[in-house]
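Keep the 3D view open as you read.

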Amino acid sequence: MVFPALLTILAAFLVFVTPGLTKGLDIEGGTLLIVQTEKPVDAVALEQALQQSFSLPELKITATGVGVRIQFKEEPSIASAQQQLNEARGLLESNPGQAKQKAVQAIGFLGQWVSPLPNLSNQSPGEALETASQVLVTAQEQFERRLQKTIFSILNLSPETARFQKREV
């Protein structure tokens with residue numbers, strides 16, 4: 001009975017702790033974009049252009065026979081703002097002042113996507129949290145628009161005729 005338990009613990013260690021294992025998009029989370037094209041794609045040029053224009057962690061681009069697959073983790077400034085807002089929501093009932101401060105910090109991360117940023121100083125903590133949430137949504141939309149525009153430009157595709165699929169994990 002001890003031997004199977006030791007084997008189970010060893011197997012779990014190898015699967016979850018061993019640094020040599022690469023976790024994929026389905027386990028780690030992130031975004032997968034699939035763009036279908038009629039012509040071959042230069043994946044290296046696309047990757048370089050996206051790295052210059054955006055801060056996309058773990059960017060991976062794979063050319064396929066019918067287009068390109070683009071994978072990346074969440075954009076860091078948006079991820080940081082989301083984290084601050086989640087913390088603010090948790091603090092709103094117990095510590096409204098701290099929640100408002102977290103909301104102010106959250107929108108501070110989003111200046112590259114939303115301009116001008118709203119002033120939350122005259123708002124109540126609940127209003128500040130709601131405003132910061134709306135700014136986050138706007139920032140996510142702006143990021144997605146710029147990313148699509150950049151991809152279409154590099155691949156020389158028309159937004160009206162491009163076949164584009166996005167999947168969040």
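## Starting at Thr-150

Leaving aside residues up to four places away in sequence, Thr-150 is in contact with Leu-50, Ser-53 and Phe-54. Please keep in mind that this is a predicted model. Thr-150 sits in helix H6, which spans residues 125-154.

Is Thr-150 buried or exposed? Its relative accessible area is 18%, and buried means under 20%, so Thr-150 counts as buried.

## The nonpolar core

One of the contacts of Thr-150, Leu-50, also has a place in the largest nonpolar core, which holds 38 residues. Leu-50, Ile-70, Leu-147 and Ile-151 are the members that touch the most others. At least two core residues come from each of strand E1 (31-36), helix H3 (43-53), strand E3 (67-72), helix H4 (76-91), helix H5 (96-108) and H6. H6 is the biggest contributor, with 10 residues.

Take a look at Ile-70 too: beyond four places in sequence, its contacts include Leu-46, Leu-50, Leu-59, Ile-61 and Ile-151. In soluble globular proteins, nonpolar side chains tend to be buried together.

## How H4 meets H5

On the H4 side, the contact is made by Ala-81, Gln-84, Leu-85, Glu-87, Ala-88 and Leu-91. Across from them in H5 are Pro-96, Gln-98, Ala-99, Lys-102, Ala-103, Gln-105 and Ala-106. Sorted by type, the residues of this contact are eight nonpolar, three polar and two charged.

Note on methods:
Residues are numbered from 1 along each chain as its sequence is written. This is a predicted model: local features need pLDDT of at least 70, side-chain atom pairs count only at pLDDT 80 or more; totals for chains, interfaces and linings use all residues. Side-chain values use heavy atoms; hydrogens and water are left out. Helices (H or I, at least four residues) and strands (E, at least two) are DSSP runs, numbered from the N terminus. Buried means under 20% relative accessible area, exposed over 50%, partly exposed in between (1.4 Å probe, protein chains only). Contact means heavy atoms within 4.5 Å. A nonpolar core is a set of buried Ala, Val, Leu, Ile, Met, Phe, Trp, Tyr and Cys residues joined through side-chain atoms within 4.5 Å. Ala, Val, Leu, Ile, Met, Phe, Trp, Tyr, Cys and Pro count as nonpolar, Asp, Glu, Lys and Arg as charged, and the others, Gly among them, as polar.
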